[in-house]
Amino acid sequence: MARLSTTGANQALSTTGWAYVSLHTADPGTTGASEVTGGTYARVAVTWSAASGGQVQNSGALSINLPASTTAAYFGVWSASTGGTYYIGGALSPSVTTGTSAGTVAIAANGITVTAS
């Protein structure tokens with residue numbers, strides 16, 4: 001397996017305009033499965049901080065619409081706003097559940113960390 005140096009990883013992760021954040025009702029695994037659908041849900045573009053130590057974090061807060069009666073327990077990172085390539089995902093802590101009305105999931109700046117390995 002080829003591995004990037006930390007410098008190489010920082011350069012790759014610092015590329016702008018390559019990622020959109022999704023929400024998932026169950027672990028997205030390696031394919032991006034279980035993505036939320038319905039209502040006004042849509043992936044949102046993310047802007048990353050400067051990479052350091054082979055890691056980047058979202059540099060601004062994100063707000064993602066969540067349909068009524070839905071639990072978002074995971075997030076994912078994709079190459080496009082629809083379709084595209086799934087890169088990585090992780091658990092939301094805590095998960096977010098809407099009641100009979102739609103809501104939003106707020107992810108604070110620096111709330112998502114992506115690490116090159």
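This is a predicted model: local features need pLDDT of at least 70, side-chain atom pairs count only at pLDDT 80 or more; totals for chains, interfaces and linings use all residues.
Visitor: Hi! Which residues touch the most other members in the largest nonpolar core?
Guide: Those are V21, L23, W48, I107 and I112, out of 21 residues in that core.

Visitor: And which strands each supply at least two residues of this core?
Guide: β1 (20-24), β4 (62-66), β5 (71-78) and β7 (103-107) do.

Visitor: Why would nonpolar side chains be buried together?
Guide: In soluble globular proteins, that is simply what nonpolar side chains tend to do.

Visitor: Back to I107. What is I107 in contact with, leaving aside neighbours within four places in sequence?
Guide: I107 is in contact with V21, N58, G60, A61, L62, I64, L92 and I112.

Visitor: New topic: where is T70 found?
Guide: T70 sits in the loop between β4 and β5.

Visitor: Does T70 count as buried or exposed, and why?
Guide: T70 counts as buried because its relative accessibility is 12%, and the cut-off for buried is under 20%.

Visitor: What does the side chain of T70 reach?
Guide: The T70 side chain reaches the backbone oxygen of A68 at 3.1 Å. Setting aside neighbours within four places in sequence, T70 is also in contact with T25, V36, V96, T97 and T98.

Visitor: What about S69, buried or exposed?
Guide: S69 lies in the loop between β4 and β5 too, but S69 counts as exposed, at 61% relative accessibility. Its phi is near 55°, a positive value in a residue other than glycine.

Visitor: Last one: which peptide bond is cis?
Guide: The bond from S93 to P94 is cis, with omega near 5°. P94 has its place in strand β6 (residues 86-97).

Conventions
Residues are numbered from 1 along each chain as its sequence is written. Side-chain values use heavy atoms; hydrogens and water are left out. A nonpolar core is a set of buried Ala, Val, Leu, Ile, Met, Phe, Trp, Tyr and Cys residues joined through side-chain atoms within 4.5 Å. Buried means under 20% relative accessible area, exposed over 50%, partly exposed in between (1.4 Å probe, protein chains only). Helices (H or I, at least four residues) and strands (E, at least two) are DSSP runs, numbered from the N terminus. Contact means heavy atoms within 4.5 Å. A polar contact is a pair of N or O atoms within 3.5 Å; within protein, one must be able to donate a hydrogen and the other to accept it, and residues adjacent in sequence count only if both atoms are side-chain atoms.
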